[in-house]
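Please keep the viewer open beside it as you read.

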Amino acid sequence: MTAQTDPRESLWVRILLVLLAAGALVPIWVAPVPPLQDLPNHLLKVDIFQRWMRGEKWVREIYSLNLRLLANYTLYAAILVLSPLFSLLTAARLFLSMIVVGLPLSAYAFLRRVNPENTLFALAVPAINFNLFLMQGNLNFCLALALYLAALAIFEAESGPAWLHGWGFAATSTALYFTHGFVFLVLAGTVAFLVAVNFRSERLRRACGLLPGLLCLATTFAATLRSGSEATGAFRPYFTVARLHSMRAALIWLLNPHGWGYDTYFALAWLGVVGACGLAALVGAVGRLRDRKDLREVLQENPWLIFAILLIVAYFCAPVQLRDWYHVRARLSPLAVLVLLGALRAPRKQALRASLVVVLVLAALAIEVRNTQEFLKRGRQVQEYLSGTDTVEEGAAMVPVENPEEGPKYRDVLHAWAYYAIARGGWSPYLHAQPSYNPVIYKVTPWGPGEGSPLGAEDTLRRMFACYDYVLLWNPKETDATALRPFFVLVRATPHLGIWRNRTGVRRSTPASNPACALEADTTGDSSHRPMPISACMPPSPFVESVEPIPHP
């Protein structure tokens with residue numbers, strides 16, 4: 001496209017985008033601890049890798065490195081590079097800063113390439129920066145969104161040396177593979193669609209930049225399939241019927257991770273603007289078809305609109321999750337919105353364009369203020385969870401137990417136990433260690449009573465007693481103390497946290513040294529303790545749709 005935005009409007013868009021990106025940094029740096037659900041689990045894997053490289057014997061007894069060409073390395077590589085200069089938590093804040101700044105800037109670069117008259121729609125992106133994926137700690141996925149747009153911007157570049165864009169696209173797409181395999185596959189589909197709609201030999205040559213990532217993906221799939229039925233089962237899909245509620249779910253994932261609040265009204269205004277402009281683009285495309293315009297010509301004029309529609313259709317057809325890969329369907333919602341930005345057309349009247357800018361900026365500001373409040377509030381909760389770190393002895397086996405509260409669709413202390421493992425060098429059964437996409441795995445799969453679940457029956461308590469040195473109990477009920485007292489003694493209590501130590505003392509058992517700690521062990525004679533994959537002892541994903549656990553043989 002040769003049309004350009006008015007220079008004054010373009011300048012204001014850039015200024016506002018930078019200011020909103022700066023505003024997105026505030027909650028990350030003012031919170032005592034960023035309250036992202038999976039963040040501690042990610043940091044623990046980095047800590048385990050560092051301890052492994054230092055040759056710490058107990059780490060090598062419990063964990064193995066899984067250094068294949070996995071599509072999930074970027075976060076861990078970045079934290080490892082930063083860790084000699086910063087603490088793990090500060091390195092994580094820097095990585096989060098890269099995410100929330102990178103997404104709006106890459107959206108602007110993308111629109112400059114494919115929709116230069118309407119770069120103002122880059123101002124829609126700061127509102128979806130702190131989506132539910134980010135709050136759940138899916139950091140590789142969130143960074144992958146920015147890399148996806150950056151790769152498309154490079155692929156669509158026409159000015160400048162073609163060889164430079166070719167190598168740039170290859171480097172960015174390969175980096176995307178090592179960040180998130182699912183988004184890389186969507187990029188491959190996007191590029192294939194663009195080449196098919198508007199075929200030119202130079203575009204085909206540039207598309208060859210996908211080959212390194214595709215080869216890595218093929219080797220990973222092949223290695224997984226060769227690893228046996230347990231690993232292969234990680235790709236088993238789980239479907240639910242998509243209904244209108246699924247659209248509401250998509251909006252919650254994008255704009256409303258904290259639940260209903262004052263920012264929700266601004267989010268609805270944001271939705272109205274994006275929806276109205278998207279509908280206008282669709283009506284325009286249909287109108288050109290009705291004017292007997294050639295279908296291929298309409299496709300070439302509206303590739304981003306068509307591909308956004310394809311992603312929306314895929315959203316309704318996709319499985320909710322694969323067994324070890326949660327939120328497959330939901331991940332299509334931000335990708336569809338970001339692609340749709342390339343198709344949106346703003347009104348030509350300056351007053352209307354200014355009104356759109358005001359709505360998008362106010363929505364972003366309201367959401368950023370709410371994020372800051374929630375980060376402060378929930379960061380203090382994580383801080384309370386960590387207040388007992390000095391109570392736990394080094395190298396202990398810990399099992400976290402939680403009585404969940406009503407609240408948002410992420411749980412800020414679900415993996416906060418990992419900070420204890422980082423500080424004290426112990427272990428817990430809930431490290432994310434699925435071999436299909438994690439660089440650190442257990443040597444012997446540990447037994448756990450169920451991640452994020454309340455205390456179980458007496459046989460579960462007896463097995464906890466036989467294996468674990470400490471129980472980290474969040475939101476204790478009155479009956480919990482009665483159930484735990486025969487096996488554990490309370491050594492630390494806060495309003496929401498109780499730390500209970502095993503009555504026999506700290507034994508530092510591991511899944512390899514103590515059969516009660518291993519998932520395959522049957523200490524009760526009950527057939528319910530039969531061998532099963534690690535994901536079978538995990539609860540269903542805390543997804544906004546009602547997701548039933550996947551049945552296992």
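1. Five bridges join β4 to β6 (residues 470–474), and the two strands run parallel. Within that pairing, Met-398 has Tyr-470 of β6 as its bridge partner. Strands here are DSSP runs of E with at least two residues, helices are runs of H or I with at least four residues, and both are numbered from the N terminus. Two strands pair if DSSP finds at least two bridges between them.

2. A word on the source: this is a predicted model, where local features need pLDDT of at least 70, side-chain atom pairs count only at pLDDT 80 or more, and totals for chains, interfaces and linings use all residues. Residues are numbered from 1 along each chain as its sequence is written, and side-chain values use heavy atoms, with hydrogens and water left out.

3. Which order do the four strands of the open sheet take? They follow β4-β6-β8-β7, with mixed pairing. β4 (398–402) and β7 (488–493) are the edge strands, each pairing on one side only.

4. Helix α18 (residues 350–385) lies across β4, β6 and β8 (497–502), at about 155° to β6. Such angles run from 0 to 180 degrees between N-to-C directions, with axes fitted to C-alpha atoms, for helices over the stretch in contact (heavy atoms within 4.5 Å).

5. Do look at helix α19 (residues 417–424): six of its eight residues are buried, so this helix is largely enclosed by the rest of the structure. Buried means under 20% relative accessible area (1.4 Å probe, protein chains only). Trp-417 and Tyr-419 are among the buried residues, which pack against α2 (39–53), α5 (88–114), α18, β4, β6 and β8. After α19 comes Gly-425, with a positive phi near 75°.

Conventions
Buried < 20%, exposed > 50% of the residue type's maximum accessible area, 1.4 Å probe, protein only.
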